[in-house]
Amino acid sequence: MTRIDDTLTPKEIQARLDEYVVGQTKAKRAVAVALRNRWRRRQLPPDLAADVYPKNILLIGPTGCGKTEIARRLAALARAPFVKVEASKYSEVGYVGRDVESMIRDLVDAAVAMVRREQAEAVRTPAAERAEERIFAALCAQRGLLPRAEDAYPRRDLGLWNPAAPPETPAAAAAAEDRQRSLAAEQEALREALRAQRMEDDTVEIEVIDTSVPTLNIMGPQGNDAMGIDTRALQEIWGRSPGRRTKLRRVSVGEARTLLIDEEADKLLDQDAIQREALDRAQNDGIVFVDEIDKIIGAGSTTGPDVSREGVQRDLLPIVEGCAVYTRYGHVQTEHVLFLAAGAFHFHKPSELIPELQGRFPVRVALRPLTEEDFVRILEEPRNSLTRQYVALFQAEGVQLRFTPDGVQRIAELAFRANRTTQNIGARRLMTILEKCLEDLSFEASELRGRQVVVDRAFVDRQLGETADDEDLIQYNL
């Protein structure tokens with residue numbers, strides 16, 4: 001059972017997050033403690049652990065400052081089921097739109113997929129052996145390398161209507177033995193070529209399970225995600241079980257290997273055990289990131305029910321407090337699911353949320369706006385920084401791209417100025433600046449193979465032209 005790594009201390013968790021997110025130390029410390037508390041709870045006696053609830057976190061900060069990236073990297077680090085949802089797409093129960101319980105159903109689906117992927121990897125070796133045997137049998141049948149029926153099953157004397165074959169002569173017996181040896185040699189050569197993967201581009205016809213499931217979707221008051229009807233399940237209830245349908249596919253040996261490994265691995269897995277493990281992980285390790293929570297704060301001037309704002313808050317409250325949510329795999333208790341909520345709160349304050357919901361997010365962290373120095377670090381330090389991404393992309397075209405320190409500084413300066421002059425979209429502004437700066441080079445890269453391009457301050461100014469220094473024009477191009 002894969003669980004949270006007990007060797008990761010809060011300091012180590014923060015160090016791992018530093019590899020991808022620049023700054024925001026307070027937010028990293030808060031989520032690191034929340035993650036470590038998951039492991040600490042598991043060390044307690046069951047009766048005490050049942051009463052230790054997660055301390056949900058409210059991340060407050062402008063867009064593009066790292067809220068979503070922190071949550072996503074935390075879930076990957078914890079190997080925990082994770083789902084990101086936007087609070088603004090929900091509506092109160094009984095009205096058109098998704099209801100808040102669907103986020104828990106999405107979380108369970110993510111947990112099932114995670115557990116199935118891990119267990120399939122554990123049985124990959126025997127599954128690959130079984131898949132190779134099926135491909136070998138299909139190739140033998142396709143190339144006529146199967147034994148003849150009369151050689152495998154000699155005819156017996158069953159009377160007048162099926163007399164026995166006449167006795168074989170020594171010459172016929174020798175010929176049959178030669179055919180068997182030749183057939184065995186060809187089969188062994190075929191098997192050896194298959195194992196050495198020298199036939200991956202050859203075509204083979206295989207029989208695979210038809211995984212398409214016809215469903216009847218009915219739009220209900222809670223949206224169609226809870227109203228899907230499995231017609232195959234209905235047939236089983238009515239006593240008309242269709243069994244497992246198969247279909248023939250003509251594919252390459254390499255593609256057949258992938259398809260059959262997945263199919264054989266699925267046969268080796270215990271589906272009930274997968275569902276039990278997934279439900280346990282979703283309940284005890286699941287992380288739900290609710291973005292744009294400030295968008296469900298009521299405007300305060302409406303006279304009727306505000307079903308997409310305060311109505312959503314009221315429906316979200318029992319989910320965060322802890323309740324049983326029905327999913328296709330069974331009921332899920334949400335008491336120990338960690339909820340991370342985030343919002344810019346430009347026009348509202350966290351205190352404008354309904355008091356009960358405020359109390360379910362006891363940890364509040366304010367993320368600071370990014371500075372020009374932060375932009376420089378974002379371009380250079382993270383493992384997946386934008387400059388490293390562009391260098392790798394141009395490397396695929398055979399073009400050597402190199403960013404100089406003054407070029408990076410100039411890009412950060414322009415991004416910071418654009419955020420200050422127009423809308424502040426945080427680090428996402430760097431994507432706009434870089435894409436505009438490298439637009440011509442990206443278009444012509446396929447014709448510049450073998451060349452080296454240096455992105456320095458002069459290159460940035462030359463590509464951006466008058467936009468680079470004109471605050472009145474920067475809003476239109478950047």
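**View 1. Glutamate 292 lies in the loop between strand S7 (287–291) and helix H12 (310–321).** Helices (H or I, at least four residues) and strands (E, at least two) are DSSP runs, numbered from the N terminus. This is a predicted model, where local features need pLDDT of at least 70, side-chain atom pairs count only at pLDDT 80 or more, and totals for chains, interfaces and linings use all residues. Residues are numbered from 1 along each chain as its sequence is written, and side-chain values use heavy atoms, with hydrogens and water left out. Glutamate 292 is not a glycine, yet its phi is positive, about 60°. Most residues other than glycine have a negative phi. Glutamate 292 is partly exposed, at a relative accessible area of 27%. Buried means under 20% relative accessible area, exposed over 50%, and partly exposed in between (1.4 Å probe, protein chains only).

**View 2. Glutamine 197 sits in the loop that runs between helix H8 (170–195) and strand S3 (203–209).** Its phi is positive too, near 55°, and glutamine 197 is not a glycine. The residue is partly exposed, with a relative accessible area of 47%.

**View 3. An open sheet of 5 strands runs in the order S2-S7-S10-S1-S11.** The pairing is parallel. Two strands pair if DSSP finds at least two bridges between them. Strand S2 (82–86) and strand S11 (363–366) are the edge strands, each pairing on one side only. Neighbouring strands of this sheet are turned by 15° against each other on average, direction ignored. Axes are lines fitted to C-alpha atoms, for helices over the stretch in contact, and angles run from 0 to 180 degrees between N-to-C directions.

**View 4. S2 pairs with S7 in the parallel sense over 5 bridges.** Phenylalanine 82 has isoleucine 287 of S7 as its bridge partner. Helix H5 (residues 102–122) packs on the sheet and touches S2, S7 and strand S10 (338–343). Contact means heavy atoms within 4.5 Å. The direction of H5 makes about 150° with that of S2.

**View 5. Strand S1 (residues 57–60) is covered on both faces.** Ile57 and Leu59 lie on one side, Leu58 and Ile60 on the other, and all are buried. In a regular strand the side chains alternate between the two faces of the sheet.

**View 6. S1 pairs in the parallel sense with S10 over 4 bridges, and with S11 over 4 bridges.** Towards S10, leucine 58 has alanine 341 as its bridge partner. In S11, alanine 366 stands opposite isoleucine 60.
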